[in-house]
Protein chains: 2
Amino acid sequence: MKVELVYWPSERERRADLRSQSLPRVLLVAEDEPAPISVDPMEDWIRLPADERDLQARIEALRGRSVIEPTLDDDGVLRHGERWTALPPIEARLVSTLLDRFGKVVSREQLLQQGWPGEQPRRNVLDVHVLRLRRRLEPLGLSIRTVRKRGYVLGT
Amino acid sequence: MKVELVYWPSERERRADLRSQSLPRVLLVAEDEPAPISVDPMEDWIRLPADERDLQARIEALRGRSVIEPTLDDDGVLRHGERWTALPPIEARLVSTLLDRFGKVVSREQLLQQGWPGEQPRRNVLDVHVLRLRRRLEPLGLSIRTVRKRGYVLGT
DNA sequence: GCACGGCATTCACCGCTAGGAAACAAACAG
DNA sequence: CTGTTTGTTTCCTAGCGGTGAATGCCGTGC
């Protein structure tokens with residue numbers, strides 16, 4: 001993910017924009033300007049004139065912070081950023097499988113195996129559960145995309 | 001919450017400690033040392049020699065980032081932010097248990113053990129107390145969410 | 001270009017169970 | 001006596017998981 005550089009305070013507007021989209025950014029603070037106190041973990045700042053290496057370090061750190069993947073605990077609680085939702089057993093198993101290959105395609109066969117071990121439900125069952133899962137994940141900012149004939153991809 | 005100051009790299013050990021306890025900290029990076037790339041949102045750094053105002057700004061920001069949890073004192077008074085409420089004995093024990101794992105799932109069994117030590121009340125008693133607790137906590141901006149078949153989560 | 005088949009999405013419904021809510025009653029403290 | 005705490009019963013609602021059917025989507029073959 002790209003980390004934006006924002007001159008502060010001259011580009012005040014842009015900063016607000018980026019924040020509202022929760023995009024990572026580094027403020028380049030003018031030499032005589034008081035430091036901005038930003039609680040947002042997706043924001044950092046550095047005072048000009050800045051050492052190029054220090055700036056790079058801050059950019060790298062922000063980039064690392066912005067690729068945090070969702071997590072699923074033993075109680076079926078799926079967390080992403082601030083928010084979380086509880087998943088029922090089957091959906092928890094499906095999400096767990098999707099999470100193992102986050103951002104990559106997971107086949108329907110694999111999902112069926114993981115979701116219904118030792119059984120072989122009708123085709124439609126998986127579809128319905130994916131539908132329900134989609135609705136549950138939406139408020140977290142996660143989505144399941146279809147790859148026709150191949151499977152599903154869990155992503156942001 | 002206190003924000004720790006850690007000299008880097010000389011206090012490397014202490015930094016690891018603090019991180020494992022997820023306590024907020026600012027690294028004071030020696031002048032000729034490469035900048036540490038820390039993904040941890042509870043960590044920040046500044047290069048020495050540092051402007052005192054800049055350091056304060058970073059400390060403030062970290063402090064704001066650290067989650068403020070509600071507290072329960074020995075008299076059963078629960079405080080959160082500006083507001084507070086008094087809890088009767090059983091509910092105080094329940095909240096105490098939930099607070100120990102703030103934001104995480106606490107099982108019904110555990111709540112029963114803590115709330116009614118040495119007894120074994122009917123299933124429904126806990127439900128009713130959770131209901132009453134919810135009504136009491138609501139004005140404080142706290143909520144108890146159900147995780148079906150698993151337990152309850154206390155959160156903001 | 002079009003119709004078809006197959007895949008995928010969505011909806012409505014059912015049975016079942018866990019949890020929620022109301023109302024009442026007993027015990028107790030001030 | 002009055003208000004609070006706590007337990008109990010009873011009924012209601014919401015969540016979970018499965019099913020069948022209607023509809024939509026899309027590439028393929030003709």
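Predicted model: local features only at pLDDT ≥ 70, side-chain atom pairs only at ≥ 80, totals over all residues.
A residue is taken as near a strand if its C-beta atom, placed from the backbone, lies within 6 Å of it. The largest share, six residues, comes from helix 5 of chain A. By class, the surface near DNA strand C divides into six nonpolar, four polar and eight charged residues.

DNA strand D is surrounded by 21 residues. The closest are Pro88(A), Pro89(A), Pro88(B), Pro89(B) and Asn124(B). Four helices each supply at least two residues of the surface near DNA strand D: helix 3 (89-100) and helix 5 of chain A, and helix 3 and helix 5 of chain B. The classes here are 14 nonpolar, two polar and five charged residues.

Helix 5 of chain B has 15 residues. From first C-alpha to last it reaches 22 Å, close to the 21 Å expected at 1.5 Å a residue. His129(B), Leu133(B) and Leu137(B) are buried in this helix. Seen down the axis of helix 5 of chain B, the buried residues fall within an arc of 70 degrees, so they line one face of the helix. Their cover includes helix 3 (89-100), helix 4 (108-115) and strand 8 of chain B. The face of helix 5 of chain B turned away from the buried side carries exposed residues. These are Arg123(B), Asn124(B), Asp127(B), Val128(B), Leu131(B) and Arg135(B).

In chain A, helix 5 spans residues 123-137 and contains Arg134(A). Arg134(A) has 15 C-beta neighbours inside 10 Å and counts as partly exposed. Leaving aside neighbours within four places in sequence, Arg134(A) is in contact with Ser143(A) and Ile144(A). Ser143(A) has Gly155(A) in strand 9 of chain A as its bridge partner. The C-alpha atoms of Arg134(A) and Ser66(A) are separated by 22 Å. Along the chain, these two residues are 68 residues apart.

Strand 8 (residues 143-147) of chain A pairs with strand 9 of chain A in the antiparallel sense, over five bridges. Strand 7 (residues 105-106) of chain A is joined to strand 9 (residues 151-155) of chain A by two bridges, and these strands also run antiparallel. Val106(A) stands opposite Tyr152(A) in strand 9 of chain A.

In chain B, three strands form an open sheet in the order 7-9-8, with antiparallel pairing. Strand 7 (105-106) and strand 8 (143-147) of chain B stand at the edges. Each has a single partner strand, so one side of each is left without a neighbour in the sheet. Two bridges join strand 7 of chain B to strand 9 (residues 151-155) of chain B. Val105(B) has Val153(B) in strand 9 of chain B as its bridge partner.

Most residues other than glycine have a negative phi, and most peptide bonds are trans. Lys149(A) has a positive phi of about 70 degrees although it is not a glycine. Lys149(A) lies in the hairpin of strand 8 and strand 9 of chain A, which has three residues between the strands. With 7 other C-beta atoms within 10 Å, Lys149(A) is exposed. Phi of Lys149(B) is near 70 degrees, again a positive value in a residue other than glycine. Lys149(B) is placed in the loop between strand 8 and strand 9 of chain B. Lys149(B) has 12 C-beta neighbours inside 10 Å and counts as exposed.

The peptide bond from Trp8(A) to Pro9(A) is cis, with omega near 10 degrees. Pro9(A) lies in the loop between strand 1 (4-8) and helix 1 (12-20) of chain A. In chain B, a cis peptide bond joins Trp8(B) and Pro9(B), with omega about 5 degrees. Pro9(B) is found in the loop between strand 1 (4-8) and helix 1 (12-20) of chain B.

The two protein chains also touch: 18 residues of chain B are in contact with 19 residues of chain A. Helix 2 (residues 52-65) of chain B gives the most to the side of chain B that touches chain A, with seven residues. That side divides into nine nonpolar, two polar and seven charged residues.

Terms used:
Residues numbered from 1 in each chain as written. Chains lettered and ligands numbered in written order. Buried ≥ 20, exposed ≤ 12 C-beta atoms within 10 Å, placed from the backbone. Contact = placed C-beta atoms within 7 Å. Nonpolar A, V, L, I, M, F, W, Y, C, P; charged D, E, K, R; others polar. Pairing = 2+ DSSP bridges. Expected span 1.5 Å × (residues − 1). Arc of directions from axis to C-beta.
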